[in-house]
Amino acid sequence: MIPSVLPTYNRAPLSFVKGEGSWLIEADGRRFLDLASGIAVNVLGHAHPDLVAALTEQAGKLWHVSNLYQIPQQQALADRLVEATFADTVFFTNSGTESCELAVKMARKYWYDKGQPERVEIIGFEGAFHGRSSAGIAAAGGEKLTKGFAPLLPGFVHVPWDDRAALEAAIDETTAAVIVEPVQGEGGIRPMEDADLKALRALCDAQGILLILDEVQCGMGRTGRLFAHEWAGIVPDIMMVAKGIGGGFPLGAVLASEEAASGMTAGTHGSTYGGNPLACAVGAKVMEIVADPAFLDQVRARAGAMRQKLEGLVAAHPDVFEGVRGSGLMLGLKCRAANTDVLAAGYDNAVVAVPAADNVLRILPPLNISDEEIAEAVERLDRAAAQVAASGA
Ligand SMILES: *Cc1c(COP(=O)(O)O)cnc(C)c1O
(Lines give C-alpha, C1' and ligand atoms only; values in the text may rest on other atoms or scores of the structure.)
Protein backbone atom coordinates (compact mmCIF):
# COMPACT_ATOMS: atom_id res chain seq x y z
CA MET A 1 0.00 0.00 0.00
CA ILE A 2 1.35 3.42 -0.88
CA PRO A 3 2.32 5.49 2.19
CA SER A 4 0.12 8.48 2.95
CA VAL A 5 3.13 10.68 2.18
CA LEU A 6 4.11 10.14 -1.48
CA PRO A 7 7.28 8.02 -1.19
CA THR A 8 9.65 10.18 -3.29
CA TYR A 9 12.27 10.60 -0.56
CA ASN A 10 14.81 8.21 0.94
CA ARG A 11 14.38 9.26 4.54
CA ALA A 12 16.77 8.45 7.37
CA PRO A 13 15.23 6.98 10.51
CA LEU A 14 15.69 10.26 12.35
CA SER A 15 12.99 12.61 13.56
CA PHE A 16 13.90 15.93 15.07
CA VAL A 17 11.55 17.87 17.30
CA LYS A 18 13.67 20.92 18.07
CA GLY A 19 16.64 22.91 16.79
CA GLU A 20 19.01 25.18 18.68
CA GLY A 21 21.79 26.88 16.73
CA SER A 22 23.96 24.14 15.22
CA TRP A 23 22.09 21.39 17.08
CA LEU A 24 19.14 19.18 16.17
CA ILE A 25 17.33 17.39 18.97
CA GLU A 26 15.31 14.16 18.84
CA ALA A 27 12.25 13.47 21.00
CA ASP A 28 14.36 11.38 23.41
CA GLY A 29 16.72 14.33 23.91
CA ARG A 30 19.60 13.00 21.79
CA ARG A 31 21.49 16.00 20.36
CA PHE A 32 22.94 15.88 16.83
CA LEU A 33 25.45 18.34 15.41
CA ASP A 34 24.02 19.74 12.20
CA LEU A 35 26.52 19.75 9.32
CA ALA A 36 23.67 19.87 6.79
CA SER A 37 21.63 22.99 7.64
CA GLY A 38 18.63 21.50 5.85
CA ILE A 39 20.60 21.40 2.65
CA ALA A 40 22.47 24.71 2.96
CA VAL A 41 19.25 26.39 4.10
CA ASN A 42 19.59 27.25 7.80
CA VAL A 43 22.50 29.67 7.31
CA LEU A 44 22.06 31.02 10.85
CA GLY A 45 21.30 27.65 12.43
CA HIS A 46 18.03 26.83 14.12
CA ALA A 47 15.77 29.18 16.05
CA HIS A 48 18.08 32.19 15.70
CA PRO A 49 16.50 34.72 18.10
CA ASP A 50 16.60 37.60 15.57
CA LEU A 51 14.89 35.49 12.91
CA VAL A 52 12.29 34.20 15.37
CA ALA A 53 11.60 37.80 16.35
CA ALA A 54 11.34 38.99 12.73
CA LEU A 55 8.94 36.16 11.89
CA THR A 56 6.71 36.40 14.95
CA GLU A 57 6.52 40.17 14.79
CA GLN A 58 5.35 40.03 11.18
CA ALA A 59 3.06 37.05 11.93
CA GLY A 60 1.10 39.18 14.37
CA LYS A 61 0.54 41.86 11.73
CA LEU A 62 0.01 40.50 8.23
CA TRP A 63 0.86 37.13 6.66
CA HIS A 64 -0.28 37.43 3.10
CA VAL A 65 -1.44 40.03 0.67
CA SER A 66 -1.54 39.65 -3.07
CA ASN A 67 1.11 41.14 -5.33
CA LEU A 68 -1.79 43.26 -6.58
CA TYR A 69 -0.70 45.61 -3.76
CA GLN A 70 2.47 47.27 -2.52
CA ILE A 71 4.42 45.00 -0.14
CA PRO A 72 6.88 47.14 1.86
CA GLN A 73 8.75 44.11 3.31
CA GLN A 74 9.38 42.94 -0.27
CA GLN A 75 10.54 46.38 -1.34
CA ALA A 76 12.94 46.58 1.63
CA LEU A 77 14.51 43.19 0.87
CA ALA A 78 14.81 43.99 -2.85
CA ASP A 79 16.54 47.28 -1.99
CA ARG A 80 18.97 45.41 0.26
CA LEU A 81 19.78 42.83 -2.44
CA VAL A 82 20.24 45.49 -5.12
CA GLU A 83 22.52 47.45 -2.83
CA ALA A 84 24.68 44.42 -2.00
CA THR A 85 25.00 42.86 -5.47
CA PHE A 86 25.36 43.38 -9.24
CA ALA A 87 21.57 43.37 -9.58
CA ASP A 88 19.29 46.25 -10.52
CA THR A 89 16.05 44.38 -9.90
CA VAL A 90 14.68 41.35 -8.02
CA PHE A 91 11.71 38.99 -8.39
CA PHE A 92 10.78 36.89 -5.35
CA THR A 93 9.89 33.21 -5.58
CA ASN A 94 9.35 30.48 -3.01
CA SER A 95 12.03 28.02 -4.10
CA GLY A 96 15.10 27.39 -6.21
CA THR A 97 13.25 25.62 -8.97
CA GLU A 98 10.82 28.54 -9.30
CA SER A 99 13.85 30.80 -9.63
CA CYS A 100 15.06 28.54 -12.45
CA GLU A 101 11.70 28.85 -14.22
CA LEU A 102 11.95 32.62 -14.21
CA ALA A 103 15.64 32.70 -15.17
CA VAL A 104 14.82 30.63 -18.28
CA LYS A 105 11.76 32.73 -19.15
CA MET A 106 13.68 35.97 -18.62
CA ALA A 107 16.55 34.90 -20.91
CA ARG A 108 14.18 33.84 -23.70
CA LYS A 109 12.00 36.93 -23.38
CA TYR A 110 15.09 39.11 -23.56
CA TRP A 111 15.97 37.78 -27.00
CA TYR A 112 12.37 37.75 -28.18
CA ASP A 113 12.09 41.45 -27.39
CA LYS A 114 15.46 42.11 -29.05
CA GLY A 115 14.02 40.74 -32.30
CA GLN A 116 16.01 37.50 -32.14
CA PRO A 117 13.30 34.99 -31.19
CA GLU A 118 15.43 32.13 -32.53
CA ARG A 119 17.75 32.55 -29.52
CA VAL A 120 16.08 30.06 -27.18
CA GLU A 121 18.82 27.54 -26.38
CA ILE A 122 20.29 27.42 -22.91
CA ILE A 123 23.61 25.69 -22.38
CA GLY A 124 24.02 23.83 -19.09
CA PHE A 125 26.73 21.66 -17.56
CA GLU A 126 26.84 17.96 -16.84
CA GLY A 127 26.36 17.14 -13.16
CA ALA A 128 24.24 20.27 -12.64
CA PHE A 129 21.17 20.58 -10.44
CA HIS A 130 18.64 23.34 -10.95
CA GLY A 131 15.54 21.95 -9.21
CA ARG A 132 12.75 19.52 -10.01
CA SER A 133 10.36 21.54 -12.18
CA SER A 134 10.16 20.83 -15.90
CA ALA A 135 12.59 23.64 -16.70
CA GLY A 136 14.86 22.65 -13.81
CA ILE A 137 15.28 19.04 -14.90
CA ALA A 138 15.66 20.01 -18.56
CA ALA A 139 18.29 22.61 -17.66
CA ALA A 140 20.29 20.06 -15.65
CA GLY A 141 19.67 17.24 -18.09
CA GLY A 142 20.98 14.30 -15.99
CA GLU A 143 19.25 10.96 -16.49
CA LYS A 144 18.54 10.57 -12.76
CA LEU A 145 16.38 13.69 -12.96
CA THR A 146 14.81 13.32 -16.40
CA LYS A 147 14.20 9.59 -16.97
CA GLY A 148 10.51 8.85 -17.42
CA PHE A 149 9.48 12.49 -17.63
CA ALA A 150 9.61 12.97 -21.39
CA PRO A 151 8.80 14.99 -23.35
CA LEU A 152 11.31 17.33 -21.74
CA LEU A 153 11.12 21.08 -22.17
CA PRO A 154 13.09 21.70 -25.38
CA GLY A 155 15.90 24.18 -25.89
CA PHE A 156 18.61 22.89 -23.55
CA VAL A 157 22.03 21.50 -24.40
CA HIS A 158 24.67 20.19 -22.03
CA VAL A 159 28.45 20.26 -22.04
CA PRO A 160 31.05 18.58 -19.79
CA TRP A 161 32.00 20.43 -16.60
CA ASP A 162 35.54 21.44 -17.54
CA ASP A 163 35.75 21.40 -21.32
CA ARG A 164 36.05 24.95 -22.60
CA ALA A 165 36.29 23.81 -26.22
CA ALA A 166 33.00 21.88 -25.96
CA LEU A 167 31.35 24.94 -24.47
CA GLU A 168 32.56 27.19 -27.28
CA ALA A 169 31.45 24.63 -29.86
CA ALA A 170 27.96 24.49 -28.32
CA ILE A 171 27.34 28.21 -28.85
CA ASP A 172 25.60 29.23 -32.05
CA GLU A 173 23.04 31.76 -33.33
CA THR A 174 20.27 30.00 -31.37
CA THR A 175 22.02 30.37 -27.98
CA ALA A 176 20.23 32.56 -25.44
CA ALA A 177 22.23 31.92 -22.28
CA VAL A 178 24.60 29.71 -20.30
CA ILE A 179 23.47 28.46 -16.88
CA VAL A 180 25.98 27.31 -14.27
CA GLU A 181 26.45 26.77 -10.54
CA PRO A 182 29.74 28.44 -9.51
CA VAL A 183 30.06 25.52 -7.09
CA GLN A 184 28.04 22.44 -8.02
CA GLY A 185 26.24 21.16 -4.95
CA GLU A 186 24.25 18.00 -5.75
CA GLY A 187 26.92 17.25 -8.37
CA GLY A 188 29.46 16.60 -5.60
CA ILE A 189 30.82 19.98 -4.42
CA ARG A 190 32.65 20.84 -7.61
CA PRO A 191 33.83 24.46 -7.70
CA MET A 192 34.38 26.01 -11.10
CA GLU A 193 37.88 27.49 -11.14
CA ASP A 194 37.94 31.31 -10.97
CA ALA A 195 39.84 31.35 -14.27
CA ASP A 196 37.10 29.25 -15.91
CA LEU A 197 34.34 31.52 -14.58
CA LYS A 198 36.25 34.53 -15.90
CA ALA A 199 36.65 32.82 -19.27
CA LEU A 200 32.95 31.94 -19.29
CA ARG A 201 32.02 35.56 -18.62
CA ALA A 202 34.35 36.72 -21.39
CA LEU A 203 32.90 34.16 -23.78
CA CYS A 204 29.32 35.28 -23.02
CA ASP A 205 30.34 38.90 -23.53
CA ALA A 206 32.10 38.14 -26.81
CA GLN A 207 29.09 36.19 -28.12
CA GLY A 208 26.58 38.62 -26.63
CA ILE A 209 24.77 35.91 -24.66
CA LEU A 210 23.44 35.99 -21.13
CA LEU A 211 25.15 34.36 -18.15
CA ILE A 212 22.79 32.83 -15.59
CA LEU A 213 24.38 31.82 -12.30
CA ASP A 214 22.58 29.35 -10.05
CA GLU A 215 23.66 30.39 -6.55
CA VAL A 216 20.77 28.63 -4.85
CA GLN A 217 23.17 26.46 -2.83
CA CYS A 218 26.52 28.29 -3.01
CA GLY A 219 25.14 31.80 -2.40
CA MET A 220 24.16 33.69 0.76
CA GLY A 221 27.56 33.60 2.44
CA ARG A 222 28.14 29.86 2.01
CA THR A 223 31.59 30.27 0.40
CA GLY A 224 32.65 33.16 2.64
CA ARG A 225 31.55 35.86 0.19
CA LEU A 226 27.93 36.95 -0.07
CA PHE A 227 27.79 35.24 -3.49
CA ALA A 228 30.29 32.72 -4.80
CA HIS A 229 30.91 34.51 -8.12
CA GLU A 230 32.48 37.42 -6.22
CA TRP A 231 35.63 35.29 -5.73
CA ALA A 232 36.16 35.27 -9.51
CA GLY A 233 35.55 39.00 -9.82
CA ILE A 234 32.77 38.54 -12.35
CA VAL A 235 29.07 39.35 -12.36
CA PRO A 236 26.19 37.42 -13.97
CA ASP A 237 23.31 38.88 -15.95
CA ILE A 238 20.75 36.79 -14.08
CA MET A 239 21.18 34.97 -10.76
CA MET A 240 19.00 32.36 -9.07
CA VAL A 241 18.84 32.42 -5.27
CA ALA A 242 16.85 30.39 -2.71
CA LYS A 243 17.81 28.03 0.16
CA GLY A 244 19.87 30.24 2.51
CA ILE A 245 18.10 33.51 1.76
CA GLY A 246 15.13 32.60 3.96
CA GLY A 247 17.26 31.08 6.73
CA GLY A 248 14.75 28.20 6.79
CA PHE A 249 11.62 30.07 5.77
CA PRO A 250 10.62 29.29 2.14
CA LEU A 251 11.97 32.10 -0.03
CA GLY A 252 13.74 32.40 -3.35
CA ALA A 253 14.67 35.18 -5.74
CA VAL A 254 15.89 35.99 -9.20
CA LEU A 255 18.31 38.90 -9.36
CA ALA A 256 19.03 40.56 -12.69
CA SER A 257 20.63 43.50 -14.40
CA GLU A 258 18.28 46.09 -15.86
CA GLU A 259 19.28 45.01 -19.37
CA ALA A 260 18.70 41.26 -18.80
CA ALA A 261 15.36 41.95 -17.12
CA SER A 262 14.16 44.32 -19.83
CA GLY A 263 11.64 41.87 -21.30
CA MET A 264 9.86 41.21 -18.02
CA THR A 265 7.16 43.86 -18.12
CA ALA A 266 3.83 43.93 -16.27
CA GLY A 267 1.85 40.74 -16.82
CA THR A 268 4.77 38.59 -18.04
CA HIS A 269 5.35 36.73 -14.76
CA GLY A 270 3.83 36.37 -11.33
CA SER A 271 3.45 34.30 -8.18
CA THR A 272 0.74 34.10 -5.53
CA TYR A 273 3.08 33.54 -2.59
CA GLY A 274 6.35 34.93 -3.96
CA GLY A 275 7.53 37.87 -1.91
CA ASN A 276 4.94 37.55 0.84
CA PRO A 277 5.41 39.72 3.95
CA LEU A 278 6.38 36.82 6.27
CA ALA A 279 9.11 35.47 4.00
CA CYS A 280 10.48 38.92 3.19
CA ALA A 281 10.54 40.04 6.83
CA VAL A 282 12.72 37.01 7.62
CA GLY A 283 14.79 37.41 4.44
CA ALA A 284 15.60 41.03 5.26
CA LYS A 285 16.89 39.98 8.69
CA VAL A 286 18.98 37.17 7.15
CA MET A 287 20.48 39.66 4.68
CA GLU A 288 21.17 42.20 7.43
CA ILE A 289 23.21 39.61 9.33
CA VAL A 290 24.86 37.64 6.51
CA ALA A 291 25.81 40.55 4.23
CA ASP A 292 27.72 42.24 7.07
CA PRO A 293 31.43 42.15 6.13
CA ALA A 294 32.35 41.23 9.71
CA PHE A 295 30.03 38.22 9.56
CA LEU A 296 31.57 37.10 6.25
CA ASP A 297 35.07 37.53 7.74
CA GLN A 298 34.00 35.20 10.50
CA VAL A 299 32.61 32.67 7.99
CA ARG A 300 35.98 32.60 6.23
CA ALA A 301 37.81 32.10 9.53
CA ARG A 302 35.48 29.26 10.60
CA ALA A 303 35.77 27.76 7.12
CA GLY A 304 39.55 27.72 7.46
CA ALA A 305 39.29 25.94 10.80
CA MET A 306 36.77 23.43 9.44
CA ARG A 307 38.85 22.69 6.37
CA GLN A 308 42.03 22.17 8.39
CA LYS A 309 40.27 19.75 10.74
CA LEU A 310 38.69 17.87 7.83
CA GLU A 311 42.13 17.54 6.16
CA GLY A 312 43.32 15.98 9.42
CA LEU A 313 40.32 13.64 9.41
CA VAL A 314 41.10 12.52 5.86
CA ALA A 315 44.76 11.96 6.74
CA ALA A 316 43.73 9.87 9.77
CA HIS A 317 41.36 7.67 7.74
CA PRO A 318 42.92 7.15 4.30
CA ASP A 319 40.85 4.00 3.77
CA VAL A 320 37.57 5.91 4.31
CA PHE A 321 38.31 9.28 2.71
CA GLU A 322 40.16 10.44 -0.37
CA GLY A 323 40.20 14.21 0.14
CA VAL A 324 38.42 17.47 0.94
CA ARG A 325 37.13 19.88 -1.69
CA GLY A 326 34.91 22.91 -1.94
CA SER A 327 34.90 26.51 -0.86
CA GLY A 328 34.18 28.23 2.45
CA LEU A 329 31.64 26.25 4.45
CA MET A 330 30.51 24.41 1.31
CA LEU A 331 32.81 21.44 1.69
CA GLY A 332 32.84 17.90 0.37
CA LEU A 333 34.52 14.81 1.78
CA LYS A 334 35.36 12.67 -1.22
CA CYS A 335 34.93 9.15 0.15
CA ARG A 336 36.66 5.85 -0.58
CA ALA A 337 34.10 3.93 1.45
CA ALA A 338 30.47 4.41 0.34
CA ASN A 339 29.41 7.95 1.27
CA THR A 340 26.09 6.51 2.47
CA ASP A 341 27.95 4.22 4.93
CA VAL A 342 29.88 7.20 6.30
CA LEU A 343 26.63 9.16 6.57
CA ALA A 344 24.91 6.30 8.44
CA ALA A 345 27.89 5.99 10.82
CA GLY A 346 27.61 9.73 11.32
CA TYR A 347 23.99 9.27 12.40
CA ASP A 348 25.17 6.61 14.89
CA ASN A 349 27.56 9.22 16.29
CA ALA A 350 24.98 12.02 16.34
CA VAL A 351 26.25 14.16 13.49
CA VAL A 352 24.32 14.83 10.27
CA ALA A 353 25.70 15.69 6.83
CA VAL A 354 24.37 15.32 3.25
CA PRO A 355 25.36 12.88 0.50
CA ALA A 356 26.06 14.14 -3.02
CA ALA A 357 27.01 12.65 -6.39
CA ASP A 358 30.55 11.36 -7.05
CA ASN A 359 30.60 9.56 -3.65
CA VAL A 360 30.93 12.83 -1.75
CA LEU A 361 29.63 13.66 1.71
CA ARG A 362 28.64 17.33 1.90
CA ILE A 363 29.59 19.38 4.95
CA LEU A 364 27.26 22.41 5.02
CA PRO A 365 27.09 23.66 8.63
CA PRO A 366 25.27 26.78 9.76
CA LEU A 367 27.52 29.73 8.85
CA ASN A 368 27.58 30.80 12.51
CA ILE A 369 28.78 27.43 13.85
CA SER A 370 31.29 27.99 16.68
CA ASP A 371 34.90 26.80 16.81
CA GLU A 372 33.98 24.44 19.69
CA GLU A 373 31.15 22.97 17.64
CA ILE A 374 33.47 22.51 14.65
CA ALA A 375 35.93 20.61 16.86
CA GLU A 376 33.13 18.48 18.34
CA ALA A 377 31.61 17.78 14.91
CA VAL A 378 34.92 16.58 13.48
CA GLU A 379 35.49 14.36 16.54
CA ARG A 380 32.12 12.77 15.85
CA LEU A 381 33.04 12.31 12.18
CA ASP A 382 36.30 10.75 13.35
CA ARG A 383 34.42 8.18 15.44
CA ALA A 384 32.08 7.57 12.49
CA ALA A 385 35.04 7.00 10.16
CA ALA A 386 36.64 4.59 12.64
CA GLN A 387 33.34 2.69 12.74
CA VAL A 388 33.22 2.46 8.93
CA ALA A 389 36.86 1.34 8.77
CA ALA A 390 36.26 -1.33 11.44
CA SER A 391 33.15 -2.70 9.70
CA GLY A 392 35.03 -2.91 6.40
CA ALA A 393 37.98 -4.80 7.93
C1 LIG B 1 18.38 23.03 -4.19
C2 LIG B 1 18.80 23.61 -5.47
C3 LIG B 1 17.85 24.04 -6.43
C4 LIG B 1 16.37 23.81 -6.24
O5 LIG B 1 15.86 24.45 -5.12
P6 LIG B 1 14.41 24.04 -4.55
O7 LIG B 1 14.13 25.09 -3.53
O8 LIG B 1 14.55 22.66 -3.98
O9 LIG B 1 13.47 24.06 -5.69
C10 LIG B 1 18.30 24.64 -7.57
N11 LIG B 1 19.62 24.83 -7.79
C12 LIG B 1 20.55 24.44 -6.90
C13 LIG B 1 21.99 24.71 -7.18
C14 LIG B 1 20.18 23.80 -5.72
O15 LIG B 1 21.11 23.40 -4.86
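This is a predicted model: local features need pLDDT of at least 70, side-chain atom pairs count only at pLDDT 80 or more; totals for chains, interfaces and linings use all residues.
**Exercise 1. Determine whether the radius of gyration of the protein chain agrees with that of a compact globule.**

Solution. The protein chain has 393 residues, and a compact globule with this number of residues would have a radius of gyration near 21 Å. The value for the protein chain is 21 Å, so the two agree. Taken along the principal axes, the box filled by the C-alpha atoms is roughly 65 × 55 × 50 Å. Of the 393 residues, 50% count as buried. Among contacts with a separation of 6 or more, 75% are made by residues 24 or more positions apart. The secondary structure of the chain consists of 12 helices and 17 strands.

**Exercise 2. Locate the buried residues of helix H2 and state how they are arranged about its axis.**

Solution. Helix H2 covers residues 49-59, and its buried residues are Leu51, Ala54 and Gln58. Viewed down the axis of H2, these buried residues fall within an arc of 65 degrees; therefore they line one face of the helix. Next, consider their packing partners: the buried residues of H2 pack against helix H3 (72-84) and helix H9 (277-290). Finally, the face turned away from the buried side carries the exposed residues Pro49, Thr56, Glu57 and Ala59.

**Exercise 3. Classify lysine 243 as buried or exposed, and describe its surroundings.**

Solution. Begin with its position: lysine 243 lies in the loop between strand E11 (238-241) and strand E12 (252-256). A residue is buried if 20 or more other C-beta atoms lie within 10 Å of its own. Lysine 243 has 29 such atoms within 10 Å and is therefore buried. Leaving aside residues up to four places away in sequence, lysine 243 touches Ala40, Val41, Gly96, Val216 and Gln217. An unreviewed UniProt entry places the feature "modified residue: N6-(pyridoxal phosphate)lysine" at Lys243.

**Exercise 4. Describe the shell of residues around the ligand.**

Solution. There are 14 residues around the ligand, of which Ser95, Gly96, Thr97, Gly131 and Gln217 come nearest.

**Exercise 5. Classify aspartate 172 as buried or exposed.**

Solution. Aspartate 172 is situated in the loop between helix H7 (164-170) and strand E7 (175-180). Aspartate 172 has 12 C-beta neighbours inside 10 Å and so counts as exposed. The C-alpha atoms of aspartate 172 and isoleucine 209 are separated by 10.0 Å, although these residues are 37 residues apart along the chain.

Conventions: Residues are numbered from 1 along each chain as its sequence is written. UniProt positions are given in the numbering used here, feature names are shortened, and annotations may be inferred rather than shown by experiment. Helices (H or I, at least four residues) and strands (E, at least two) are DSSP runs, numbered from the N terminus. Two residues are in contact if their C-beta atoms, placed from the backbone, lie within 7 Å. A residue is near a molecule or strand if its C-beta atom, placed from the backbone, lies within 6 Å of it. Ala, Val, Leu, Ile, Met, Phe, Trp, Tyr, Cys and Pro count as nonpolar, Asp, Glu, Lys and Arg as charged, and the others, Gly among them, as polar. The radius of gyration is taken over C-alpha atoms; the globule rule is 2.2 Å times the number of residues to the power 0.38. The arc is that of the directions from the helix axis to the C-beta atoms.
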